[in-house]
Structures are given as C-alpha cells and as structure tokens.
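Hi,

Here is the structure I promised to pass on to you. Have a look at it first, and then read on for what I found in it.

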Amino acid sequence: MYIEETKIKLKDGREAVLRSPNIDDAQTMIDYLIQTSGETHFLLRYPEESSGLTLEYEQQLLKNSIDNPDGAMIGCFIDNKAVASSMINVNTTIKTKHRASVAVAVLKDYWNQGIGTQLLNALFEIARSKDVQQIELDFIEGNHRARALYEKLGFRITGVKYDAIKLKEGTLLNEYMMIKKL
C-alpha cells in the first residue's frame with residue numbers, strides 16, 4: 001500500500017517526512033537497517049544479518065510493500081535519510097482479518113522525538129481503514145522505552161514467549177505479546 005507524504009514536526013523542532021519508502025530509497029533503508037540493529041539488542045537481527053542485503057533485493061522488497069493491499073511500510077525521513085520505519089500487516093483469512101501486526105524502529109539519535117508515536121498513529125489509521133479491530137505487536141524483555149510507548153498508546157500485555165530471544169553471548173530474553181483494541 002502506498003502512503004502519501006506527510007510532514008511532521010519533531011519535539012526538537014526539526015521537520016521530518018512520513019511516507020512509503022520507494023525503490024530510490026533502497027540504499028538509505030539498508031543503511032538504516034544496519035545502523036538500528038547495531039544500536040540495540042531489542043530488534044530481531046544483528047547488523048551482519050542486514051549487511052548482506054543487496055540493493056536489488058531491497059528495491060524489490062520496497063516495491064512489494066507498495067503493491068501489497070494488505071500491508072504498508074512507512075518510513076520517516078529527514079533530508080532524504082531514513083531515521084525510522086514501521087510496518088503493518090493485515091491478516092487476510094476470514095477468521096483473522098480483524099487483526100493486524102505492527103512493528104516500529106527508530107535510530108537512536110532520534111529517540112524521544114515523537115517519531116514512534118507518529119508512526120504508530122499512522123498505522124492505526126491504516127488499520128481502521130481496513131476494518132481492523134485489534135493491533136498486535138511484540139517487544140523484547142528489558143525494552144522499557146518501547147513498553148512505555150505502547151502502553152501509553154493503549155496496548156496491554158497478553159502473553160509471554162519465554163526465552164524467545166538468545167543474544168550472541170548466550171543471554172536468554174523473553175518476548176512479550178501486546179494487543180491494542182481499536
């Protein structure tokens with residue numbers, strides 16, 4: 001699904017743009033993925049798991065995202081640099097099409113600027129337009145900032161996947177499931 005450009009103001013006064021990343025954004029999206037995965041262990045990949053992405057692969061992924069009627073990717077760009085991204089995937093089967101899953105990640109230099117809230121609110125609007133009644137997401141144990149944001153926006157913990165994440169040095173972390181009713 002294609003998302004039109006929307007300008008937002010960050011808490012520090014800078015201007016950013018929310019929109020669908022397109023094939024011309026492939027390199028900045030790859031750079032963003034590598035950087036975010038190296039800034040925190042609360043994402044599901046390490047930098048080296050993104051560094052092998054090819055430009056062609058990322059271009060196809062971005063094209064598929066725009067062409068997907070049941071999902072969308074929204075990037076946050078400052079001076080054409082990707083600083084955050086979010087995704088929504090709406091279930092398509094009769095029994096589950098009232099549900100959608102979302103994810104969001106922001107570069108560390110842009111934390112606490114309201115970007116996560118803006119992206120999630122944009123995803124909620126997409127969900128409502130698709131008659132989604134329930135938004136679902138997961139977060140990793142110890143990610144207190146993300147949990148506080150999600151709870152502020154109306155999510156509640158509904159379950160736990162024990163020892164779902166194993167860091168390189170062997171630490172096991174739980175993954176928590178959250179739901180927000182629309």
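Let me begin with Asp 25, which, leaving aside its neighbours within four places in sequence, is in contact with Arg 19, Ser 20, Leu 62 and Phe 77. Before you go further, please keep in mind that this is a predicted model. Asp 25 sits in the loop that runs between strand 2 (15-19) and helix 1. Is this residue buried or exposed? Asp 25 counts as buried because its relative accessible area is 6%, and the cut-off for buried is under 20%.

Gln 134 is another one to click on. You will find Gln 134 in strand 6, and with a relative accessible area of 9% it is buried too. Once neighbours within four places in sequence are set aside, Gln 134 has contacts with His 98, Arg 99, Ala 100, Ile 179, Lys 180 and Lys 181. With Lys 181 there is also a side-chain link: a polar contact of 2.6 Å joins the two side chains, Gln 134 and Lys 181. As for Ser 101, its C-alpha is 8.6 Å from that of Gln 134, while 33 residues separate the pair in sequence.

Nonpolar side chains in soluble globular proteins tend to be buried together. In this model the largest nonpolar core has 47 residues, and the ones with the most contacts inside it are Ile 88, Ile 115, Leu 120, Ile 135, Tyr 150 and Phe 155. Two or more residues come from each of strand 2, helix 1, strand 3 (71-78), strand 4, strand 5, helix 4, strand 6 and helix 5. Which element gives the most to this core? That is helix 4, with seven residues. Take Leu 120 as an example: apart from neighbours within four places in sequence, Leu 120 is in contact with Val 102, Val 104, Leu 149, Tyr 150 and Leu 153.

Definitions and conventions. Residues are numbered from 1 along each chain as its sequence is written. This is a predicted model: local features need pLDDT of at least 70, side-chain atom pairs count only at pLDDT 80 or more; totals for chains, interfaces and linings use all residues. Side-chain values use heavy atoms; hydrogens and water are left out. Helices (H or I, at least four residues) and strands (E, at least two) are DSSP runs, numbered from the N terminus. Buried means under 20% relative accessible area, exposed over 50%, partly exposed in between (1.4 Å probe, protein chains only). Contact means heavy atoms within 4.5 Å. A polar contact is a pair of N or O atoms within 3.5 Å; within protein, one must be able to donate a hydrogen and the other to accept it, and residues adjacent in sequence count only if both atoms are side-chain atoms. A nonpolar core is a set of buried Ala, Val, Leu, Ile, Met, Phe, Trp, Tyr and Cys residues joined through side-chain atoms within 4.5 Å.
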